[in-house]
Amino acid sequence: MPISLQLVVHDEGGEPATITEIAQFERGGLDVGSLGLHLEEAKSLLGRLQRTMVAAQVAEAVARTSVCPTCGAQLACKGHHHLVFRSAFGRLSIDSPRLYPCRRCKGDAASFSPVARCLQPVTFLSDGGETVRFAQLGFGDRGEYVLDWFHIAMRIQNLEQMIKGRPAHCDGPSNTALIKTLHGAKWHLWHGCPYPALRRLESLGWDLDAEASPEEAKLLGKLEEFIVYLDNNRHFIVNYGDCYRHGEPIASGFVESAVNQVVSKRFVKRQQMAWRPRHAHNLLQIRTAVLNNQLRSHVERWYPSTAREEDHRLAA
Ligand SMILES: [Zn+2]
């Protein structure tokens with residue numbers, strides 16, 4: 001008995017449905033070996049189903065986004081590239097066109113990939129401060145939230161320095177033992193396990209005695225602060241080790257250092273082309289408008305004659 005499985009994709013615009021054959025099976029008789037699906041068949045069937053479904057969804061999204069939303073003109077294609085999408089049924093290579101925005105409506109804006117825009121995962125790195133944490137939640141389900149590893153590592157380093165400066169007293173564990181517990185907590189945090197890390201840090205707190213010395217009281221205060229900080233941000237602690245090995249971002253240090261280099265350099269006094277705060281502010285406004293593709297419309301609003309010139313140029 002031949003059995004075949006088809007995927008039917010219906011078109012919302014009234015075009016005929018697309019039918020793709022996903023799998024074919026041949027079964028004869030009825031015994032344990034031929035009853036229903038085999039594991040290998042199920043795997044390849046799901047893989048094929050996934051590829052066909054993804055291709056249909058991508059094609060629909062590309063068709064929808066390759067016309068200008070303002071005037072309806074077909075957008076010019078710059079070329080194609082492949083995006084890799086990791087799905088539950090294996091890695092998929094997705095053909096993704098790069099399109100130029102409508103010249104008439106958007107001017108000379110940079111080309112874009114409609115598929116990447118929809119699928120590109122966004123990683124929100126934060127220092128765990130309350131305002132930043134709530135701001136990033138405003139983006140909904142669009143990305144992954146990661147507590148910046150730099151801020152964890154820096155706090156652990158501070159604690160370690162404080163333990164080293166703690167005067168030894170006869171009762172209680174040695175500074176070496178305390179540092180070992182701290183490193184254990186750090187290891188769990190690096191591997192994305194906040195709960196065992198918190199348990200270790202709490203046990204570290206029990207070993208400390210606020211009455212013993214002012215240094216130890218200060219250390220205990222900092223440790224408790226760190227525990228509250230981690231507890232508030234526990235949902236944003238990822239497997240940093242794994243991310244690091246896969247080249248994914250775990251710290252925003254590279255952005256901060258770039259900002260530092262660019263901005264602080266320009267603020268050094270008596271240097272050529274030094275900026276004043278007001279001018280730096282204006283420059284940032286322009287950079288933001290360029291990135292948002294709004295510079296042209298801003299200029300046209302300030303100087304309406306430039307818009308008319310553009311119209312004449314297009315008409316000619
Ligand atoms: Zn247009």
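Two residues are in contact if their C-beta atoms, placed from the backbone, lie within 7 Å. Keep that in mind as you explore this predicted model, in which local features need pLDDT of at least 70, side-chain atom pairs count only at pLDDT 80 or more, and totals for chains, interfaces and linings use all residues. Residues are numbered from 1 along each chain as its sequence is written. Helices (H or I, at least four residues) and strands (E, at least two) are DSSP runs, numbered from the N terminus.

**Helix H8**
- The buried residues of H8 pack against H5 and H7.
- Those buried residues of H8 are Glu216, Leu219, Leu223, Phe226 and Leu230; a residue is buried if 20 or more other C-beta atoms lie within 10 Å of its own, exposed if 12 or fewer, and partly exposed in between, with C-beta atoms placed from the backbone.
- Seen down the axis of H8, the buried residues fall within an arc of 80 degrees (taken from the directions from the helix axis to the C-beta atoms), so they line one face of the helix.
- Pro214, Glu225, Val228 and Asp231 are exposed on the other side of H8.
- From first C-alpha to last, the 19 residues of H8 reach 27 Å, close to the 27 Å expected at 1.5 Å a residue (1.5 Å times one less than the number of residues).

**The largest nonpolar core**
- A nonpolar core is a set of buried Ala, Val, Leu, Ile, Met, Phe, Trp, Tyr and Cys residues joined through C-beta atoms within 7 Å.
- The largest one has 21 residues, and Leu182, Leu201 and Leu223 touch the most other members.
- At least two residues of this core come from each of strand S6 (143–147) and helices H5 (149–164), H6 (175–190), H7 (194–206) and H8 (214–232).
- Leaving aside neighbours within four places in sequence, Leu223 is in contact with Leu159, Leu201, Leu204 and Gly205.

**Strands S3 and S4**
- Of the 11 residues of strand S3 (residues 77–87), the number buried is zero, so S3 lies largely in the open.
- S3 and strand S4 (residues 90–99) run antiparallel and are joined by 10 bridges; two strands pair if DSSP finds at least two bridges between them.
- A hairpin of two residues links S3 to S4.
- Ser87 stands opposite Gly90 in S4, and His80 stands opposite Pro97.

**Domains**
- An automatic or database domain assignment sets the bounds, giving domain 1 (2–120), domain 2 (130–135 + 143–244) and domain 3 (276–315).
- The C-alpha centres of domain 1 and domain 2 lie 47 Å apart.
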